[in-house]
Amino acid sequence: MRVLGVDPGLTRCGVGVVEGVAGRPLTMLGVGVVRTPADADLSHRLLAVEQGIEEWLDEHRPEFVAVERVFSQHNVRTVMGTAQASAVAMLCAARRGIPVALHTPQRGQSRRHRQRSRGEGAGGRHGHPAAAALRAAHAGRRRRRARPRHLPHLARPRPEPAPTGRRPPHRPRTERPYGMIAFVSGTVAALAPDSAVVEVGGVGMSVQCTPDTLSQLRVGQPARLHTSLVVREDSLTLYGFADDDARQVFELLQTASGVGPRLAQAMLAVHTPDALRRAVATGDEKALTAVPGIGKKGAQKLLLELRDRLGAPVGSPAVGAPVSQGWRDQLHAALIGLGYATREADEAVAAVAPQAEAAGGTPQIGQLLKAALQTLNRAR
């Protein structure tokens, strides 16, 4: 920031320019005095002050102008002249659209004001012509460092010390789901391999979704996704689901230790909510280890922690969308909706055809889409 400081006076009008950032050492760019003859007409003296300040503004082009307030004293004539010079400086700045601030002189400058009362002006031998600019920068440093003592509720609370001989209190997790946004409803603006952009009221909201959920979306078509907002220290992430049951299971899974939103979403990408309830209820470790990132010990731990949280299965054993004669068309349309070219979609459908046939006629479309995306990623 570049500041032009003006110490107003008719006989001697001090000017100075400093540059820098508040809180750091400043650089003096220039200092000088605009002089006018004491026996000249007042209008001509004010015109000379204006021309002198305009020259400094043209040369240095400051972003800010700091003008020292008129010092109260008994010499009314000098006070009036100083006030007129101050008005000229503010007029020059306002004409160019430059912000102006007035600063009160400090106590240690009384000697200079005694000189001003004798007509020596701001540019006297003992005065600093850039004092106003320096004080403006200094005031900016003090305001930045000052604490809001008059607003105690903004002060940062001090952590309570842990009791002697005891462990410190458990800190909450840095990421957790919130029910702040229950669902989003709007037009699908874009699709990606792991997310969708839904336009809601002119705002595009990025929602992380499983392949099964993405396979049901089409660009340009309306959609309604049940969502869970995950708040972290450095991000806000929205996870979307086709129904509210999947959203609830997603949040319940994260109550288990070691399960974050990514792992919970991966579990729902491999298994339906009812399939997860059934695996936990029957103690099926193999079903959980099928999820990337879950080993045998992790599966055993999850079975113990989730047994009383997910509840019993609410429906019959679900095997997902059955394979019909149109499964190729469904998978092909889902890949096109994700932005892949027709040739790439044809190759991916052909690559997962053996998996669909080996499933005995009952694979999930979501699993086929996931396998197709993996094939496309390897090809790239």
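How many disulfides does a search of the whole structure find? The count is 0, and keep in mind for every view here that this is a predicted model.

View 1. A disulfide is a covalent bond between the sulfur atoms of two cysteines. Take C13: the closest cysteine sulfur belongs to C92 and sits 9.5 Å away, so the gap is too far for a bond. The cut-off for a disulfide is sulfur atoms within 2.5 Å.

**View 2. Helix α8 and what covers it.** Helix α8 takes in residues 273-282, and its buried residues are P273, D274, L276, R277, A279 and V280. An α-helix has 3.6 residues a turn, so residues three or four places apart point the same way. Who does the covering? The cover over the buried residues of α8 includes α6 (244-253), α7 (261-270), α9 (285-289) and α10.

**View 3. L303 in helix α10.** Now zoom in on L303, which belongs to helix α10, residues 296-306. L303 is buried, at a relative accessible area of 5%. Setting aside neighbours within four places in sequence, L303 is in contact with A279, V280, G283, D284, E285 and L288. For another reference point, look for A256: it lies 47 residues from L303 in sequence, yet their C-alpha atoms are 9.7 Å apart in space.

Conventions. Residues numbered from 1 in each chain as written. Predicted model: local features only at pLDDT ≥ 70, side-chain atom pairs only at ≥ 80, totals over all residues. Heavy atoms only, no water. Helix = DSSP H or I, 4+ residues; strand = E, 2+ residues; numbered from the N terminus. Buried < 20%, exposed > 50% of the residue type's maximum accessible area, 1.4 Å probe, protein only. Contact = heavy atoms within 4.5 Å.
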